[in-house]
Amino acid sequence: MFEKNIGFLVSGRGSNMAAILDEIASGRLAAEGRVAVCDNPGAPALALAADRGLSAVLVERKNFPRRRDFEETLVRVLKEHGVNLVILAGFMRLLGPPFLAAFPGRVINIHPSLLPAFPGLEAQRQALDHGVKIAGCTVHYVNEVMDGGPIIAQAAAAVEPDDTVESLSARILALEHRLLVQAIAGLDLEHQAI
Ligand code: GRF
């Protein structure tokens with residue numbers, strides 16, 4: 001079995017990363033967390049990674065003249081830590097060819113909607129504004145299109161009549177944590193789907 005050596009790209013809270021690290025620590029998920037790379041100096045995810053004994057590395061976009069240089073640095077840090085599976089867990093940037101070519105078929109993202117509905121920011125608000133009755137979350141491979149790569153797994157949540165963005169987001173987030181862990185467990189790195 002191919003070892004899953006995970007590198008996280010994070011920009012914010014880090015609860016999906018924490019959920020994965022918890023499953024690894026408990027022995028329920030066969031994988032290893034290698035490093036968290038964060039582009040936001042104020043992100044709680046940085047401290048959260050460090051608290052759990054994970055290397056936490058800050059790489060800020062503003063320190064690089066071109067996106068290519070920023071992405072090449074992300075790749076270098078991940079490779080230095082032996083990463084072979086990249087999880088975007090609340091990473092708020094699009095990735096281009098320099099990054100994606102370094103980890104072909106090995107970059108996955110979690111998004112809080114049933115894609116292809118409601119890509120982009122504030123997916124839960126978009127779902128409420130649209131009046132959908134079923135919302136949810138999606139784990140997918142990452143390509144250059146925002147929230148656009150092939151779907152790996154989805155989970156659905158009913159929208160309640162009195163839902164707010166906060167209440168719906170919380171219900172979806174609980175699903176996200178489980179779905180992402182399941183999706184990682186099910187990935188076969190030796191026989192790639194894409
Ligand atoms: C999640 O809702 C995820 O689907 C989206 O960004 C949010 C990140 O939350 N891509 P967290 O940082 O994992 O708590």
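**Ligand site and aromatic contacts**

In this predicted model, an N or O atom in the side chain of Arg-13 lies 2.6 Å from an oxygen atom of the ligand. Such a polar contact is a pair of N or O atoms within 3.5 Å. A polar side-chain atom of Ser-15 is 2.6 Å from a ligand oxygen atom. Ile-110 contributes a backbone N or O atom, 2.9 Å from a nitrogen atom of the ligand. The protein buries 87% of the 370 Å² that the ligand exposes when taken alone (Shrake-Rupley method, 1.4 Å probe). Residues surrounding the ligand (a heavy atom within 4 Å) include Gly-14, Asn-16, His-111 and Glu-176.

Residues are numbered from 1 along each chain as its sequence is written. Local features need pLDDT of at least 70, side-chain atom pairs count only at pLDDT 80 or more, and totals for chains, interfaces and linings use all residues, while side-chain values use heavy atoms, without hydrogens and water.

Aromatic rings of Phe, Tyr and Trp (its six-membered ring) pair if their centres lie within 6.5 Å; planes under 30 degrees apart are stacked, over 60 edge-to-face, and the rest tilted. Two aromatic pairs are counted by this rule. The Phe-99 and Phe-103 rings have centres 5.5 Å apart and planes at 40°, so this pair is tilted. Both Phe-99 and Phe-103 are buried (under 20% relative accessible area, 1.4 Å probe, protein chains only). Lys-79 lies over the face of Phe-103, 4.4 Å from the ring centre (NZ of Lys or CZ of Arg within 6 Å of the centre and within 35 degrees of the ring normal). Arg-93 lies over the face of Phe-70, at 5.5 Å from the ring centre.

Methods. Buried means under 20% relative accessible area, exposed over 50%, partly exposed in between (1.4 Å probe, protein chains only). A polar contact is a pair of N or O atoms within 3.5 Å; within protein, one must be able to donate a hydrogen and the other to accept it, and residues adjacent in sequence count only if both atoms are side-chain atoms.
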